Structures are given as C-alpha cells and as structure tokens.
Amino acid sequence: MTPIPGPKMLTREDILHLCGDLPDWKIVKIEASGASYEDLETAATWDQGQDDVTLPTLPPLTGLAAYLYEVLIAGEDIWGEEHRP
C-alpha cells in the first residue's frame, strides 16, 4: 500500500517568496505552524491588503491562516523581542 502524501510543508523559500524579507523569528514560527502554502498565501494577501477598501472583499481568516496573519503583523522592539504571537 502506497502512503498518500500529505500537504507539502512550507519551506523558507516558500515563505520568502510569498512574504518577502522577514525576521528569522517569524520564519521559524511560520515553518513550525504546520500551515499549508494556501494558508500562508491567504495570510500574506491580508497582510498586503490592509486597507478599508481591500479587506472587506477578502475571505474571512480562520484557523492557521489567521494565526499566520498574526505572526506577519506582529511587531518587534529594539531588542528583537516580538510583541504578539
């Protein structure tokens, strides 16, 4: 019996392709999330369309896409510590 392949794990290259340059801590959180490419694509679309015109037309964020969005918009202080998960 041949195992059915599961969803492809996100690679650093996938993350940088979709999101551009990110701090290492964000890349690590995204890789560890177990999210799919589609989850990150949705979160990146929300991150890139943060305005009153675009956001109402986007599908609602749920599950891992919502978590990834929170990671993408999280800030850092001058010591490199994240402010939000």
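Among contacts in the protein (heavy atoms within 4.5 Å) between residues at least 6 apart in sequence, 48% join residues at least 24 apart. The model is a predicted one, in which local features need pLDDT of at least 70 and side-chain atom pairs count only at pLDDT 80 or more, while totals for chains, interfaces and linings use all residues. Residues are numbered from 1 along each chain as its sequence is written, and side-chain values use heavy atoms, with hydrogens and water left out.

As for the overall layout, the protein has four helices and zero strands, counted as DSSP runs numbered from the N terminus (helices are H or I, at least four residues; strands are E, at least two). Going along the sequence, that reads α-α-α-α. Of the 85 residues, 31% are buried, where buried means under 20% relative accessible area, exposed means over 50%, and partly exposed falls in between (1.4 Å probe, protein chains only). The accessible surface comes to about 5,700 Å², and 58% of it belongs to carbon and sulfur atoms; these areas come from the Shrake-Rupley method with a 1.4 Å probe, and for residues only the protein chains shown count as cover.

Now for the inside. In soluble globular proteins, nonpolar side chains tend to be buried together. A nonpolar core here is a set of buried Ala, Val, Leu, Ile, Met, Phe, Trp, Tyr and Cys residues joined through side-chain atoms within 4.5 Å. The largest one has 18 residues, and those touching the most other members are Ile15, Cys19, Leu22, Ile30, Leu40 and Leu72. At least two residues of this core come from each of α1 (12-19), α2 (24-32), α3 (37-48) and α4 (63-73), with α4 giving the largest share, five residues.

Ile30 shows how this works up close: leaving out residues up to four places away in sequence, Ile30 touches Leu10, Ile15, Leu22, Leu40, Leu68, Val71 and Leu72. Beyond its neighbours within four places, Leu68 contacts Ile30, Ser33, Ala35, Asp39, Leu40 and Ala43.

Charged pairs are next. There is one salt bridge, meaning a side-chain nitrogen of Lys or Arg within 4 Å of a carboxyl oxygen of Asp or Glu. Asp24 pairs with Arg12, and their closest N and O atoms are 2.7 Å apart. Asp24 is in helix α2 and Arg12 in helix α1, 12 residues apart. Asp24 has 48% relative accessibility, so Asp24 counts as partly exposed; Arg12, at 35%, is also partly exposed.
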